[in-house]
Structures are given as structure tokens and as C-alpha cells.
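Keep the structure in view as you read.

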Amino acid sequence: MAPPPQPPIIRASALAKAYRRAGGRVEALRGVDLVVEAGEFLMVMGPSGGGKSTLLNLIGGLDRADAGTLQVAGTDLGAASERALDAFRRTTVGFVFQFFNLLPTLDARDNVAMALVARGGDWDGARRRASDLLEKVDLGHRADHRPSELSGGEQQRVAIARAVAGAPPLLLADEPTGDVDGETTATIMDVLSGLNRTRGVTVVMVTHDISLTGYATRHVELRDGRISP
Amino acid sequence: MTLLRFLARDLTADWRRGLLTVLAIAPIATAFLIVMGISTGLRGPEIPLSRQNVLVVSANALDTASGRLDPAVLDLARATAGEDAASVGPMIFRPIKAGDTIVQLRAAPLADWTEVHGLALLNGRLPAPGADEMAVTEGIAAATGWAPGDRVEIFGTEFAVTGSLRAPGTKFASVWMDFDRADRLFEGAAGYQIVAVRPAPGTDPVELRNRLAAAAPPAVAVYFESAIENEQAARSATAGRLSQVAAGIAVAALAFAAFNLTALTLAERRRDLGIARALGFAPGALSTAVVVRSVLLAAAGYALGAAAAAAITVARPEVSVRSFVVDVSPTAASWITGAVLAIGVSAAGAWVPARSAGRRPIRSLLEER
């Protein structure tokens, strides 16, 4: 018997978000409709300022939408309390940012361990697990180094290890190759693609690099706050 | 436990910034404690009226030492106090210059030294009646360095220092002479400045003071001993008021520095808070971590500053301004107030911006540079 169909991991409807900037009000999203099935590798493409990062921030619970509805892994992010959003970020999503966003005072191992500690893990156990994860991204030998002692590519691999440390079903990557060279781009994309294919992690990646579309199972374009398939 | 281990790692890794905070708080804590010590020292201990003498002095003299009482005042005081006085005696009270230092010369009949003036011999011996000898109070060590065995020239006569005394209730560095020897030193020209009336046990000191004041002629005033001391202290560069202002400034400086140092440090790490929140840490947990971190640094800074203050005040427990001797050792209340201020305000300095950061969208925290 075929397994029952899974509900979409992301379902966004008429999502809108505006910011106040020095020059006035900027409408980053103007009614985005988006459905992402579990196990997809979705690439969101488009020009800078088109609203890609804003969409990712909303999906990841880093910000709240002004209008519309957004359900991610069964959580209604518009209605969720702050406490529920904290729990959502701990258990459901992993983030990979363009500028890595590693804690500068901690070494690579502790940066990864932090994600596990946030989930309630003990420090020693979290550090052991972090060492294993760093081995998997070929950074076992750099575990004791701080971000300032790592190259951009190495920092991004640490960030990926941190993002998947808690085995979240959804990985959000915001221009993860935007600050690394071509060779490192391939390495990072291989890692993300591997996580999607072998572990079934749903990946939503924002990029404006059209050459990376081959890694995705689907891509959409976000331009002027609206999605075009 | 996990929080403490994370903090230990963070503090170790970020030791330069932590050390800077500690080193910034420490000297302010030292200054706070010393100023508080001086302030407390200037105020001096409060002595109950029942243990104070009632002093009869010239009413309109610029200060007690520049007055001169009519000899009849002594007899009037004796007659007025009657059985309610344990003792009524004259006292010479003059500031003198000894080298570069001004000290007070106090002279009273030797028989009154213990009973009336409460002097206690700490070491050496009391001067012999009529001899060129004197004793010195503890404050003299701070003001002049004189000690028993030294010889000191006063108005052309060399006096031997025979002993050191504890003089309760006075904040002034004083040399004490037998009344008759001092009277001869001034060739009787000084007369005497004070009549000291020691209330008898069981006597109401306020009623006795009022009775003496009522009987006194217009040129004579009657005070409790502490009022004279306080008046002189106030004349020493209005030290009392200044010390209170200085103490207030010290309190404000410590609070201001502790708050802003922690707030500034935290402002530089708002992005780190954003990262931690993106990982799912609750704002409350992060605020706790930030507050504990600040408290640890403030406690270390205060401990360092307090150690420095203790070292300074142990090496120099008293300072002398003219003949006014100030005990600069901070009181227990000052140590505790400083610790509460440094740690409490640092905690507030961390909690306020941490709470504010906790209310901002994580996106905006991550945009901080």
C-alpha cells in the first residue's frame, strides 16, 4: 500500500511584508503564494532587493509577516507565540547564512555544539556530537579554530554542520555561496545537495547565481516581492 | 551548568574585552571606597550625649581656640553644676605650628585626663607634673610622625613625648600637656579657652547643659563636646559637606561606569544575541546568560578595586589635613554598598539592553555589524 501523501512542509498564502527604511516604506513581499513539499530542494532566485531573504526570514521564524498566512511543518507562524517560535527554530529549521553568522568568540566545535545546547543537550555530549558533524564536512582538524582563523568556505561548512546538528526537517540557506570562491561553492552545494538526497532534508535556498539551478529539484523566481514559477 | 560552562568559554575566548571591563571598574571601585572612607571618617563616630562633656567657651570667638574665658567662669560653672558635675576643670585649647604641621595643643589638669577627657594611655607614660613633657594622640602619628621618645620644640622649649593616647570623640591630632605646664609655656597670657564639665552619673546632660547656658553671661556659650568638634570639622574646608558631595559623586560614578560599560559591551554583541536567538535560545535564557556574564565581570572588577583600596588604606589608614585627622578605612557598609552597586548596576546594565534586544526582530539583530 502506498504511504499516505504528506502535507506540504511550507504553505504560504498572500504573504506580505514591508519595512521602514531611511528612504521610506519598502514593500519586500507583495502577496507571495508558495507551496514546498517535504524533500524538495527549492531554489528561490531573483535580483537583489527582490524579497528573497525576507521570504526566508519569514519561513524561518526570524521575522513575522504583515499579512497572509504561513504554515511551516504544521506550525502557523503568524499565530505562534514567541515561545512557540523559539521552539520552532530549535527543532524545525536550520539556517545557513551568506555571512556565516558564527559566534566569533567560540571555536568551530562550540559553534556547532550551541545548536544542540539550544535543544537542551548537555555541553559535553553536544561537543562530542559537534566533533562528529565537523568530521562529516571534512573539518575535524579545524574544530579548535575560531571563525577568524577559518577561510570563508570553512566557515560556511561549520555553519552547515551547525544547521543540521539538530537534524531539522527544513534547511534554509540564504546566499550560502555568496561570499566564497568557485571551488568552495561546488563543495558547499555538494554538501547541501547530499543532505537533501540522502537524508531527505527539505532545502530552501536563496541565490541569484543562475548556474546553481542544477542542484535544485525546483526553482522559482522572486521579483519585486512576487513569485513567478 | 551548561550556561556556566558556556560563559566560561565565552569569557576565556573574549578575555581581552572582559579584562578591559574588569580594569575599567576596578579603579572606580577603589576611588569609591576611599572617598566613602574619607566621607565616613570626616563625619566621625557619634558619641552619646551621656558620655560627652559639656563645654563652656567664648561665645563670639572666631573659633574655640581664639577665645579666652574670664577666670570667674570656672567658678560660675562649678557653682551652677554643683553635685550634677563629676568634675569641672579648665582647659587650654590652641592650635600650634610644629614644623610644617598644625596640631592642637590641649592642656588640662592631669587628674582630669582620664575621668573628664576619657584619655587612655596606649604606650609610654603620662607626663610628670610640671615637667617639659607631653603626650600625643594617635592622630599625631598620621599628622607628624611623632612617637614616644621623640623630642619636639614648642615655642622655644623642647618637650619630650612620653606616651601616646587614645582620645575618644576627637578627630584632631593633639598634643596634651599638664595644665600648669602649658600655662607657664604661655606665661599665663593664654588664659584658658574651655571649662569642661563632666556630668555626674545619672545626671541628665541636656538639662545640665541648659542650666549652664542659662547661668552663663552673654560672652559665654555652652555646647556639648560633639558640637565643638563638628564646628571645627566644618571649618576645616567645610569638610563634612564636601565629603557628602564627594561620596554622592563616587556613588554616581560607580553606578554610571558599571551600567555603561556593560551596556556598551552588550551593544557590540547584539548580533551574537541574534545568532543565538536564530538557533532557538529563548530571550529569557539569553538575558540570564548576559546578566550572569556581566555580574561575574563586575564582581571581578570590584574585587580587584576593593583589594587595591584595602591595600591603600591598610598602608595609610589615616590622613591629616591641618590638625584634622581622618580615618580613611572604608566601613563595612561602604564595602557592601560598593559591591551591591557595582554588581547590581552591572546586572541592570546588561539586562536592560538584553531585554530590549530580545524584543527586536531577530532579522534586525543579525543585520548589526
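Q: What percentage of the residues in chain A is buried?
A: This is a predicted model. Chain A has 229 residues. A residue is buried if 20 or more other C-beta atoms lie within 10 Å of its own. In chain A, the buried share is 49%.

Q: How many helices and strands does chain A have?
A: Both kinds of element occur in chain A. The count is 6 helices and 10 strands.

Q: Among contacts in chain A between residues at least 6 apart in sequence, what share joins residues at least 24 apart?
A: Start with the contacts between residues at least 6 apart in sequence. Then keep those that join residues at least 24 apart. For chain A the share is 71%.

Q: How many residues of strand S8 of chain A are buried?
A: Strand S8(A) covers residues 202-206 and is mostly covered. One side carries A:Thr202, A:Val204 and A:Val206, and these are buried.

Q: Which residue of S8(A) is the bridge partner of A:Leu172?
A: Strand S7(A), residues 170-174, also pairs with S8(A). The sense is parallel, with 5 bridges. The partner of A:Leu172 is A:Val204.

Q: Are H5(A) and H6(A) roughly parallel or roughly antiparallel?
A: Helix H5(A) spans residues 152-164. The axes of H5(A) and H6(A) come within 10 Å and cross at roughly 10°. Angles under 35 degrees count as roughly parallel. So H5(A) and H6(A) are roughly parallel.

Q: How many nonpolar, polar and charged residues has the contact of H5(A) with H6(A)?
A: From H5(A), the contact includes A:Gln156, A:Arg157 and A:Ile160. From H6(A), it includes A:Ile188, A:Val191 and A:Leu195. By class, the contact has 5 nonpolar, 5 polar and 1 charged residues.

Q: Which residue of S4(A) is the bridge partner of A:Ala12?
A: Strand S1(A), residues 10-21, and strand S4(A), residues 67-72, run antiparallel. They are joined by 5 bridges. The partner of A:Ala12 in S4(A) is A:Leu70.

Q: Which elements of chain A give two or more residues to the side that touches chain B?
A: The contact takes 20 residues from chain A and 18 residues from chain B. The chain A side has 10 nonpolar, 3 polar and 7 charged residues. The elements are helix H2(A), 82-91, and helix H3(A), 108-118.

Q: How exposed is B:Ala348?
A: B:Ala348 lies in helix H12 of chain B, residues 332-359. Around B:Ala348 there are 17 other C-beta atoms within 10 Å. Buried needs 20 or more, and exposed needs 12 or fewer. So B:Ala348 is partly exposed.

Note on methods: Residues are numbered from 1 along each chain as its sequence is written. Chains are lettered from A and ligands numbered from 1 in the order in which they are written. This is a predicted model: local features need pLDDT of at least 70, side-chain atom pairs count only at pLDDT 80 or more; totals for chains, interfaces and linings use all residues. Helices (H or I, at least four residues) and strands (E, at least two) are DSSP runs, numbered from the N terminus. Two strands pair if DSSP finds at least two bridges between them. Two residues are in contact if their C-beta atoms, placed from the backbone, lie within 7 Å. Ala, Val, Leu, Ile, Met, Phe, Trp, Tyr, Cys and Pro count as nonpolar, Asp, Glu, Lys and Arg as charged, and the others, Gly among them, as polar. Axes are lines fitted to C-alpha atoms, for helices over the stretch in contact, and angles run from 0 to 180 degrees between N-to-C directions. Angles under 35 degrees count as roughly parallel, over 145 as roughly antiparallel, 65 to 115 as roughly perpendicular and the rest as oblique.
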